[in-house]
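Open your viewer and get ready to select residues by number.

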Amino acid sequence: MIMKREVITTCTRDCTNTCGLVATVEYYKLVNLRGNPDHPVNKGRVCHKCARFVQRVYSPERVLTPLRRRGGEWARTSWADALDEIAGRMEQIKSRFGPEAILYYQGFGERTALKLLNARFFNLFGGVTTLYGTLCGGTGQAAQNLDFGCRVSHDPIDHLNSRSLILWGRNPVLTNINMVPIIKEIRQKGAPVVLIDPVASKSRSISDYHIQPAPGQDAYLAMAAAKIILARGAEDVDFLSRYSEGFDAFLKILDNFTVEELTVACDVPLEQVEGLADLLINRKPTAILLGWGLHRWEYAHYTIRCIDALNAIAGNIGVAGGGVSQGFEEYGPYDLNLTGSDLKPNSRKFLMPLIGEEILRAQDPTVEMIFVTAGNPVGMAPNSNKVAKAFARTPFVVAAGHFLNDTADYADIFLPNTTFLEEKDLAAGFGHNYIGPVNRAIEPLGESKSDFEIFQALAERFSFAAEFNSGLEDWLSLLAAPLLAKGVTLEELFAGPVRIPNTPMVPYVERVFPTPSGKFMFMQEFEPAARREHDKEFPYHLMSVMARDWIGSESTLFEQGELLSVRLNSQEGSKLDLNDGDTVRIVSRAGEMKVKVRLDDMQRRDIVVCPRGGWIKAGRGVNVLTRDLVSKLGNGTPYFETKVNIEPV
Ligand SMILES: Nc1nc2c(c(=O)[nH]1)N[C@H]1C(S)=C(S)[C@@H](COP(=O)(O)OP(=O)(O)OC[C@H]3O[C@@H](n4cnc5c(=O)[nH]c(N)nc54)[C@H](O)[C@@H]3O)O[C@H]1N2
Ligand SMILES: Nc1nc2c(c(=O)[nH]1)N[C@H]1C(S)=C(S)[C@@H](COP(=O)(O)OP(=O)(O)OC[C@H]3O[C@@H](n4cnc5c(=O)[nH]c(N)nc54)[C@H](O)[C@@H]3O)O[C@H]1N2
Ligand SMILES: [Mo]
């Protein structure tokens, strides 16, 4: 008899899909991961990355015991010794420099309910330095909060009501597989789909038209389309007059430019802008899906606010099948008070986008220790060389994770984590409105522990142990209290996906917005300085976009044997005398790396396209090139403001 079990669980990778999964376990071994057919969003689908996660769990490269660096080399240590040392160092640093000399860096690797308690540990300890701003979606959220009062997206399933759809800086074929069948279904019913992306991305395959604006210049494209709609008298007068505020100020901004000037500024032919306006006029409702790629510019808030304005003018706000949607709150369903933020006596915060700089310039106190969970800041934050320098200079670094990535290279202690297949937890996502159970499919491998278990074991070494020592299930029911208060039971939560109560299919149907005036708010000011000058020395924008085959930097060293491939327009290639497959140096003001160049007719001439997330020690870490900047709104990270040149090796 084969001992076989199936466990309902949820993918917790940092991804829009948060798919419902079925894990098959045979003789205590995980043998397969497939989509849960009963999940209303992924309906049994699963991506190739997830299916491969089984290999990641059992990878010979995965770390399964605590490690201590001794004389530059990793040596195995026990949990007791590792945790005693960490607790001892923390007490010492606290008494000598104060708790803010410790930086807690929480990355995006896993954002489940229990992860909120990590902050609780540090708040109970006395308030260490933490982070503000984000490497991910801060700018878009802040921009949409200004326009709508609060960013609330249409439920993905509502896009079945769309008669046209615009993928604006979003690449669902790679990053949101569950949107793909929805898009295919509306296309079958005749809805045109427009991709707006300077990069010729994989999502061309699900689009009818592709507009390739100059990178970072979409605000001008949105303004041009808005002007055309207004010139034709096709705006939604009712929405503008009754439910919006500041339209006159927005008109004044538009008045500063002719349509022709705007088309030149965004480098899109007039016919294409007219086509976009036609679609918005004739194919209502139009849904606009914003991606995260769109955020990664210093002035991205103008882009996003102009796009919001465009769909408001077109009459697509608060309408089924319309909207300007991006993401959802993965921490939204829980009781956030449990992070213990009310306890914290200290509150120093570092800007995540400038993390290297922040650590290096910290004074009073200086950074004496960094504790990293679920992140790889050395590889994933911008300007890796600077981040690496900051980590190297820090006397004591602890990293918890699965693999010895670039951040682990700077750690003194490495703590081995369980994967979600070895954990019990709850997971909501940033791409839909369902929360799903994380049920333990297999026992923890080796000596690995979840973050929750690590912080609980560490707490036992401090006077506040009693504030942390409830059981896992008790914590989960406390964290889920807002859901339980709305009538969801814990049994339901652990049995399968549950729609988060009070999340709308269509936001703002009543046309009441949580802005100060209760109305949709048009952008009031526009700083044309957002336009960049052409930099002759570094002519290409480095578009370091999502990789197809891995999430974030979740790859392993064995998998990264080859040089990274970057895509370059074929004519630019000829100009530089390059053949497809040549090895070149790619150089920016921050650093350089060796890559293989792939010539591609479909790319714009002013960009170099590469996947993010490779490891520096494999020669594939693109953030050695990126600039560390912070966006003008929302404290986001403008990775794509990096200009590069291509040079022979
Ligand atoms: N396979 C895979 N999936 C992932 C991830 C992964 O690493 N791998 N990561 C997950 C994470 S953390 C996130 S945040 C999401 C991101 O999901 P997406 O936003 O879909 O992905 P990105 O590649 O960041 O950006 C999407 C597109 O925006 C375009 N873009 C960049 N700048 C501009 C611009 O100025 N104008 C316009 N119009 N377009 C622009 C890029 O060229 C890119 O093709 O994906 C998640 N899913
Ligand atoms: N050049 C460039 N850089 C980018 C971007 C870009 O577009 N271009 N995108 C940015 C974006 S959108 C994001 S979201 C960030 C992501 O950057 P990070 O937050 O640094 O995320 P990952 O690279 O995915 O690293 C996650 C790490 O956490 C570990 N991990 C996974 N689960 C757990 C867990 O439960 N506990 C612990 N302790 N560890 C765990 C994994 O093994 C992995 O090492 O990168 C940003 N970096
Ligand atoms: Mo992200």
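Start by selecting ligand 1 and the 35 residues around it; Thr175, Asp197, Asp218, Trp292 and Ala547 come nearest. A residue is near a molecule here if one of its heavy atoms lies within 4 Å of it.

Before going on, note that this is a predicted model: local features need pLDDT of at least 70, side-chain atom pairs count only at pLDDT 80 or more, and totals for chains, interfaces and linings use all residues. Residues are numbered from 1 along each chain as its sequence is written, chains are lettered from A and ligands numbered from 1 in the order in which they are written, and side-chain values use heavy atoms, with hydrogens and water left out.

**Around ligand 1**

Colour the shell by class: 19 residues are nonpolar, eight polar and eight charged. Nonpolar covers Ala, Val, Leu, Ile, Met, Phe, Trp, Tyr, Cys and Pro, charged covers Asp, Glu, Lys and Arg, and the others, Gly among them, count as polar.

Next, show helix 6 (172–175) and strand 22 (540–545), each of which supplies at least two residues of this shell. Helices (H or I, at least four residues) and strands (E, at least two) are DSSP runs, numbered from the N terminus.

Now look for polar contacts, pairs of N or O atoms within 3.5 Å; within protein, one must be able to donate a hydrogen and the other to accept it, and residues adjacent in sequence count only if both atoms are side-chain atoms. Select Gly169, where a backbone N or O atom lies 3.1 Å from an oxygen atom of ligand 1. At Ile196, a backbone N or O atom is 3.0 Å from a nitrogen atom of the ligand. How much of ligand 1 does the protein cover? It covers 99% of the 920 Å² of accessible area that the ligand has on its own (Shrake-Rupley method, 1.4 Å probe; for residues, only the protein chains shown count as cover).

**Around ligand 2**

Move to ligand 2, surrounded by 31 residues, with Phe108, Asn376, Asn417, Ser553 and Arg612 the closest. Show the side chain of Ser553: one of its N or O atoms is 2.5 Å from an oxygen atom of ligand 2. In the side chain of Arg612, an N or O atom is 2.7 Å from a nitrogen atom of the ligand. Alone, ligand 2 exposes 920 Å², and the protein buries 98% of that. By class, this shell has nine nonpolar, 13 polar and nine charged residues.

**Last stop**

Finally, select Met223, which touches Ile253, Leu254, Phe257, Leu262, Cys306 and Phe526, not counting residues up to four places away in sequence (contact means heavy atoms within 4.5 Å).
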